[in-house]
Structure formats: structure tokens, C-alpha cells
Amino acid sequence: MAKKSILRVKNSQDYIARPIPNPGGDKKDFFDGDDEAFSFHKSSLISKMSEISLDIGSRDCQTFATMKVTLKDDAIAKSHRPTSALFNHKHPVVGGGEIGELYVQVNSKSLPKLTERIAQAKVKSDIKFNKDGKIVPKVGSLRSEVSAIESLELLGASDKCSLSDNDILREIYNNKRDLIIELFHPLESESLKDDEIKSIKSELVEKLAIFSNTFKYIPESNYFSDSLITISPIIFDEKESRKLLNELRLNSIVKRFYPTPIMDFSEFSMDMSSKLYDFPVPIDGIEYPKVILIDKGIRSPLLNRWVSEKSDSLGDQVISEFHADEMASILIGSNYLNNNKYLEVDGCDIYDIWLPSTSDNFDDHFDSLSEFIDWLYLEVQSARVSGYRIISMSINFQTVASNNEYSFLASRIDTISRTFGVIFVISSGNMDDTKYRPEWPKLDTDVFKMLARYKHDDKILQPADSVSAITVGAINHVSNELIIDGAPTRYTRRGPSTAYGIKPDLVHIGGIGDKKNSCFLTIDGLNNILSTSHGTSISAPHVAKTLALIDSKTNQQLTINTLKAMMLHNATVPDCLNSKELRKEAREYVGFGLPKSSIDIISKDESSFSFLFEDRLKKGQVAEFCFIWPRSLTTLMNKCKGKVVMTLVYEPPIDRCFGQEYIRANVDASLQQENIKNNISSYKKAVNSIWDTKLGEDSNYEKNLITHGFKWWPSKVYSRESTRGFGNSVNWRLRVTSQVRDGVEYPEDGINFSVIVTIEDSSGKNQNIYNELRQSFNQLGVDIGDISIKEDVRV
């Protein structure tokens, strides 16, 4: 059966235009014309503003404070937010917390004016007829914005750290952890000048200097502009330490502080089955897939043959646990060792970045975690110059991803990825072996019972929450009376990430959760064959290898967005999780599923047709690409049958200052089918998200859209399948739109995106689909070309 490559739309710019925007709608009154209730609400806000003003007036620093504005649930949509008439450039928004929480910059000068502005909101509403002829309240912008507010309060000491002083002292002294301090970004305004902002920051540094005998001050990074500083304990002085913590809780520019996450230096228990003397060796003239391995350093002479370059060796030369060698043995020879249907062909060109192998070794080289990430930034830069852009990093920190705050570790991974054009493939993290779940049950009802009884926190570990990274969980690859092939392993961790982000992205083989025999082989630094290792750290290199093969096979011509889209587009949720009842569990444990092999991703049967549409959208632009459904999948009544899958990946701006709203732009793709009714033609969305849930039209619609529709998440997959057909027209269009969050400047360079669409005869019987659609595209004047595939790479 002939294989065909994916086609690229080469003239995508021809389909991007800037339509005339629709005029804004009427202002919404969140009290629905109840003037008496609104009057009470307004008075309550004014009273609260007076309390806040008194509080700030009693502080040493009166030039900067942060007020938390909580919006009503039905006011969190961009069009309803109070950031035009109220919280504008005079009273700027400088951050956010949970969805619908705004952090507004205030001070003793601005509060009277802001209070007066609230007081100006008109109490008496007018009425009007809407487009349906119903009488509805009519209000102005100010009344609408004031009515959108649920509550106001100053951010207090308890908002800055969830740990008690005792807990913090225990962590930083007993567990040798530094203290990370995140700062607000004050904005220049009528009431706050630039020299005052500099003074606020310098005063904090001066106050920290008072504690220089107890804590070492480590300034902001040279490579990451995230206003994050670190202080490291020198000697234990309980009195001075408590004074410092009190200063951090009271200082207005301090947003939050917390002990640094701890890198996991735990060791695998190893069963050395036998010595390995024969292993694949590189063949001259063959170009192998390139992977950067970030781990504790490869020691095995069998594996080092495949290492082209390495960083300075930071690890101990003599170690007892060979984590890096196991990861390298997967990248190089997993198929040789295990001969499993899920595994890629052997061979991998490795750039070996050595991490410290122990906590003591880490301390010998770095003064802080921040300094370590600066070092990692430079190492990745060097590897990228050498032609590597896929990174396998099976290292996690002993801190779970937060529901409300995007981790600084993930944010810095994103910065490295964007700066150098690389993809990190990161393990989702493992449960401690004393907290493994039971094996995944065969019946859905038993799955719910098992998870309900499981009381441990099994959420993913940092930095697996990284938006730009591909996070990988683990599934079983064995089937017997107790174990289900494709089910989540006993140790793998679950999503979601911050603000319902879909993590893990993918899953792969990690070995079954059995300490005596994981049914998966690796080798260590002494060339011993190991048969007990298991974990998501083993899953991640498999995905990195597939990515690297695609990258190599396509001559590194694909964008990072397209590489990621290809993986997600060709992933499948395992059968044991593919029921409607387990949709939420599937999403949280396996994400988009298990990816196909690289050869099946980049080449397709003639019973299907795949095309890539990639470009960038600038402010106000919309992409609209029209095409015709294949004749072989069209009924006599012009109904469209078969299966269609669409995957969208885009690169969003990210800002940790805004809490759960850290992703600052959304791109959405819609596959629309022409609908003909009464001889009138219109286009309507015909393909839904694979996570589609009935959202309803209630007051929580926007939150439901975020929770279930995954608005704002930069990876989306849509699918529809029908054997009988749907609709009444063969005319289709792909429509790509974008928006930024309220108050965000649209990126000047635009937002890059990639969309992959596959139309197929799911039975595989009709071999005309590819030729029909290629011919149709040509007739429509689409400039298409094959994604060229290099034939000299063994895949």
C-alpha cells in the first residue's frame, strides 16, 4: 500500500485577512435593573474603599499596594471586565490570582480618586428594547463595571505564603532550601512615578541587606526577566529569620515567597540481571536523530559511543545510581533491549548535559536554584548551536504543580524553549513507592471506586506544568489477569496543570509498577542489564526519540509548533480509557494519549489526506481556508461521512503575574461546514473538541468554557466521525481566530500557530481519498507541497 506524506499549504498568507470588526454590544447590568440592590452594592464598595484607604494610610510605604478585585462569575469574560471606566491606566491592573481575580495597583494618592469614580456610577437604570423586542435594562459603562465587582480587599500577609513561619524555617534549615521572593511589577501612573518605583525596589534590597549575616542575597537572573530574587541561609538565627519573614509578609512589593523546590536525587533500586557485551554501534554515514539528554551524565562505554558532545561534567565521577545511562539506553537501544511494538528503531545522537548527581554536588557548583537554571540556559544555547533542538529531561522537583500559580520553573523552561527554539520532553513525575495506586481496574465502575479510595496527592510535579514542554506520563505495556495493556501505571501522576491545563500531554511505556520485575530492560553505567526500573522518567525518552526522528526525517524544516502538533494529532487514548464515562480520567492520566511511531506520523495511507496550515496571526487578522469534502466520502444527499481530525498548537505569550490567567492570548480553530437552508448559505462549526462537554448557558458559562472547552490552552484537538454522513454541503472552511486577554497588547510580531487536518475513510478501504483531495486543492488554486522526507535515515 502506497504511503503519502503530509501536504503543506505554502500560500497560507493568501487566506489571512483583517475583516471589519463587529461593533461592541450593549453594556451589561449585573444587577439586571435592580437599582435598589445596586445602590446597596455601590455603598458597600465605597465603605470597603474607605477601610482600604485607612489601612494604607497606616503603613510605612503608602506609594504602592495591591488590591484584589474579585469579579462576579458571569463577569469574567473579556467584554465584561471593569478595566475601561474603572481600572485603567490611572489605576492599572498589575496581576491576577484565580480566574476572575484582578490585582489592581493602588496607593494613598489614587484611592480617593478611585472611590470618587465608583461613587459616580449612576444608580437609576434606563430601559430599552433588545433585538428580540424584550424590555431590558440600559446602563452606561461605569454602572456596568461597578456592578461586575463581587468584592474588594487588600492583599494581605497570608496571601504571600501559605506556609507558617515554623514550616518555612524547618524547610530552609533542615532541608537546606533557599527562599524565593517574587516581586510585583509596579506600573508608572498619575499617582506613581518612575523614581518612586525604583525607590520601592531599592528599599527592599536595603532591608534585606540588614540580614546579610544570616542570609545571602542573590539578585535577579541575567537571562530571565521575572522579578525573582533568592536569599540563601548562611547560619541559623531564629530571631533574625523571623524578623526577615515578617518583613517579607508586610512589604508591599513582595508578591509571594516560598522555599525553593528540591530536585529529586532519589535512587532507583536495581536488579542487575546480567552483563551486556553486545549493543548497537553507530554506523558511519548514517545521520541519527539528535537529542539533548539532561541528566546525571552517561558513564557506560557502550553508550558513550553515541555521545557526540557533552557539557562540563558536574556530577561525581563515581556514583552508585546510573539514571542518565538508563535514559540513554532507551534513546539508543530500547528496541534492541525490549523488542516491543511501541518502540522506535535503535540509534540516537546524544548531546550529554551533566547535572549534579547529589544535593551536596549541587551545592558545590551552584549558590542557588536560580543560578542553576541560568547555567542550564547557557548549556541549552550551546547544544542548539550544534544543531540539537529536542530535549529529554526526566528530572522532576519534589513539588506538585499548583492549581492557582504557574511555577517559576515551568516559566523558565518556557523562556529557554522560546529563546532557542527547542522542545523539552519532561516526565510527569512518580508517586513514592509506598503510595502506588492499585492496578487499574477493568470495569469503569471499579475505576471510580479505586480513585475515590486513593487518598494521596498524585498531581504532576514541577516543572511538568510547563506550557511549552511535552509532559509524558506512563502506561502499562503488559496484559494479564491483573494488568491492562495501555492503562495508567500504578505510579504515574495525573493532571491537570495550573488552571485546568491539559497535562500530561502524552503517555508511553514506563515499565509496570512492580519492584521485582518491571517487564522492561535498561542498562546502567557498568553495562549491567536492569529489569526492575520503572517510572515516567522511562516514558519521556521514548517520546523524545519519536520527536527527534520526525525532526531528523524532515530535515529540521518543521516549526516547533508543527512538531508538537504532529505528535498530538497522531496520539490515541488507550481503549481501556476511551469510554464516555472515563473522559475526565483519561484526560488527567493520559492527556491526548499514546503517539504513533514516527513513520506512521509522517506518512499516511491513500485512504486519508492530511494537510498542514501554519502561519502567524497579527492583531485583527483571521485565517479562512476553503476546501471541498472528497467525493468518495459524500452521499447522494451531499452528506459528509468518514472521519476528520484537526489539531491546533500555538505559541502564547505567558505572564506568571496573572495567576490562573497566565496564558495571555487564545487562538482557536474551527472546521465549519456550509449549511444551506431556504437557499441561504452560511457556515457553522461542524467538529468539536475531543473533550467536548455540554457547557450550558448559565452564569458560569465562561468558567465552564475554560474548564471543559479548554479555552486559552495552546494545544487543542477536534474530531468527528460518521458512517452515515452529516450536513447538506461538501463545502468546508478552516477558520483560525485569536484574541488577547483584557488589557493585553497584542504581540507586535503576531502569534504563530500550526493546524493539521486529516480526513480519512476510517475503514481504510477507499484508497482514493488522497488523490481526490490533492486534485481538488490544485483546482482551487491552493499552492501545496509535500513535507519533504529524508530517505537516508532509518525509521
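**Strand pairing, helix packing and loop geometry**

Glu 182 stands opposite Arg 256 in strand E13. The model is predicted, so local features require pLDDT of at least 70 and side-chain atom pairs count only at pLDDT 80 or more, whereas totals for chains, interfaces and linings use all residues. Residues are numbered from 1 along each chain as its sequence is written, and side-chain values use heavy atoms, with hydrogens and water left out.

Strand E10 (residues 179–183) pairs with E13 in the antiparallel sense over five bridges; two strands pair if DSSP finds at least two bridges between them. Helices (H or I, at least four residues) and strands (E, at least two) are DSSP runs, numbered from the N terminus. Strand E13 (residues 254–259) is largely enclosed by the rest of the structure, because six of its six residues are buried. Buried denotes under 20% relative accessible area, exposed over 50%, and partly exposed the range in between (1.4 Å probe, protein chains only).

Met 646 has Tyr 718 in E33 as its bridge partner.

A helix pair comes next. Helices H13 (residues 536–553) and H14 (residues 560–569) pack at an angle of about 125°, with axes 11 Å apart. Axes are lines fitted to C-alpha atoms, for helices over the stretch in contact, and angles run from 0 to 180 degrees between N-to-C directions. H13 and H14 are therefore oblique to each other, given that angles under 35 degrees count as roughly parallel, over 145 as roughly antiparallel, 65 to 115 as roughly perpendicular and the rest as oblique. Val 543, Thr 546, Leu 547, Ile 550 and Asp 551 of H13 meet Leu 563, Met 566 and Met 567 of H14, contact being heavy atoms within 4.5 Å.

In the loop between H13 and H14 lies Asn 555, which has a positive phi of about 60° although it is not a glycine. Asn 555 is partly exposed, with a relative accessible area of 41%.
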